[in-house]
Amino acid sequence: MASLVADIAAEDVLAAPDIPCVRRRRLLTRFRYWRGIVLLIAAAYFLIPLYAGLRFSFQNDYGHWSLYAVKALPAQTGFGAAFFLSLRLGAVTLGLVLVLMVPTAIYVHLKLPRVRRLMDFVTILPIVIPPIVLILGILHAAPLWLRASPYLLSLAYVILSYPFVYRSLDAGLSAIDLRTLVEASRSLGGSFVRTLLHVLIPNLRSALVSATVLTLALVLGEFTMAQLDLWTTLPVWIYQFQQDDAHVATAAAMLTLVGTWLLLTVIVLLDRSQSRRAVRQGLR
Amino acid sequence: MAPFAIYTILGLGVPTAAVIELAFRSNSGKVTLANVRTVTHGVYRLGFENSLLISVISSVIPGILGLVLAYAIYTSRGSLLKRVVAAASGVLANFGGINLTFMFIATLGTTGVLTAWMSVVGLNPWNHGFNLYSFYGVAVVYLYFQIPLMVLVITPALGGLRPAWREAAENLGASSFRYWRTVGLPVLLPSMLGGMLLLFGSAFAAYATAETLTAGTVTLTPIQIGDVLNGNLISGEQNVGYALGFGMLIVLAVVMVLYILVRRRASRWLR
């Protein structure tokens, strides 16, 4: 229906004087074909591998449909250990990065607006410096007792998550009236900690959720540093296990993928509900 | 502020400085240019050449394809389509490593789904010189996260392309081709180059996908650094890894500077 209305509108435009009418219409139809083909090829390129991965996960060695790979997964040697190691690393990374970043981002927004450009630059650096080079330096520079611990990876992941976490917080802080909130809370006698916990964090909820999800997705999928630091996290286990049973390994890979995507969908949905709220407030 | 600064210096500054310093030290700790000389010759030089080549291939091709796709979506009417693609691009652009490797083995491996479909029409790619576990296989797989990355980066720039310009060009009798050649592409060019530079950096730094897909057999610089770290090295070359890392940092620093310059030019049209 909507497209019909748009078509009528297009006809009106075409009927207007001074526009070479027939040529314009041919142009439009040709353009529509072209777009359909592009979208179709793109959809095929992005969906076929997904389909293939899922199909392989739900097949047994004879090519029949089967749930055996998914069912067998939790019982495989090393899977549980790798999974919990990844979860522990994720929790430690997340705690560290939030404690480090939330007060810093708020402080910079409130007191040091001139430092924001520098923060933009510093937090983008982990994208410029490849993880493979960073881990090379970290493994050399870290003291021995730290190198013996898996949590060295968490310390490194904090750096890798800078771009995602800072960007989310920066967007969230720009969207609220930070100064008014802080001044109101302080003049009512709230301490800085109280202001942070009871005023700012509730207002930054959706920024914090998106920072959390992006950090967890990063830690659960990180392969380079974990493999070179010789810790069997989930992705490293999956890679090693493919020699034992490719179906089970692929099932594990696809399950983590689907899990991560579900988490990321949460961000998108939250984003949208927040922008709707913003629109409502703007109308009032 | 202070804890953040200290953490960043310790976690990012010190390791990076260590890589650069050790690139110029011999195994006994003396200052030397031997490591740098080693990595600019022989197999390590080949690694750099291959890395640069794969980065060029997987920035130019997905750069163009990403622009076409972004334009097709940008000019479409469906707002649902736009939202789905925006969300999917955000997810896929940060995708890579083991999951992507397995999906492509299941798709284009010797017994993959697409391989089977193509053999039905007599076009089994493996019989026509294609090998997924090779240099060009890696390039094909990189498209999967490079195209969405380009869509993400270029879409805001498409907003700078005013519909009025196209109408003005058509009113003056310009063909679609002429419009793109004299108006559209020149306006988009800085943003396109900026996007391609980002793709270049992302392909150049990628390790996990190439390592898991080829089991470390493809000669790329990141893979060679991994080999050195894992101890698969010729004796007496322990510090060569740092020189390789230093080389990567130089390439990426150049890319970053070019990106900043191009961005400055591109922002003119985005006001």
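Author: One term first: a residue is buried when its relative accessible area is under 20%, exposed when it is over 50%, and partly exposed in between (1.4 Å probe, protein chains only). Buried residues make up 43% of the 284 residues in chain A. The model is predicted, so local features need pLDDT of at least 70 and side-chain atom pairs pLDDT 80 or more, while totals for chains, interfaces and linings use all residues. Residues are numbered from 1 along each chain as its sequence is written, chains are lettered from A and ligands numbered from 1 in written order, and side-chain values use heavy atoms, with hydrogens and water left out.

Reader: How many helices and strands are there in chain A?
Author: Chain A has 14 helices and zero strands. Helices (H or I, at least four residues) and strands (E, at least two) are DSSP runs, numbered from the N terminus.

Reader: Which residues of α13(A) are buried?
Author: They are A:L234, A:P235, A:V236, A:W237, A:I238, A:Y239 and A:F241. Because seven of the eight residues of this helix (residues 234-241) are buried, helix α13 of chain A is largely enclosed by the rest of the structure.

Reader: Turning to the two chains, how many residues does the contact take from each?
Author: The contact, meaning heavy atoms within 4.5 Å, takes 76 residues from chain A and 68 residues from chain B. The area buried between the chains is about 5900 Å², and carbon and sulfur atoms give 78% of it. Buried area here is the accessible area (1.4 Å probe) that two parts lose on being put together, summed over both. On the chain A side, A:Y45, A:F46 and A:L136 lose the most area to chain B, together 11% of what that side buries.

Reader: Which helix of chain A gives the most to that side?
Author: Helix α2 (residues 21-57) does, with 21 residues.

Reader: What about polar contacts across the interface?
Author: Nine residue pairs are in polar contact across the interface of chain A and chain B (both at pLDDT 80 or more). A polar contact is a pair of N or O atoms within 3.5 Å; within protein, one must be able to donate a hydrogen and the other to accept it, and residues adjacent in sequence count only if both atoms are side-chain atoms.

Reader: In chain B, is B:T221 buried or exposed?
Author: B:T221 counts as buried because its relative accessibility is 0%. The side chain of B:T221 reaches the backbone nitrogen of B:F48 at 3.3 Å.
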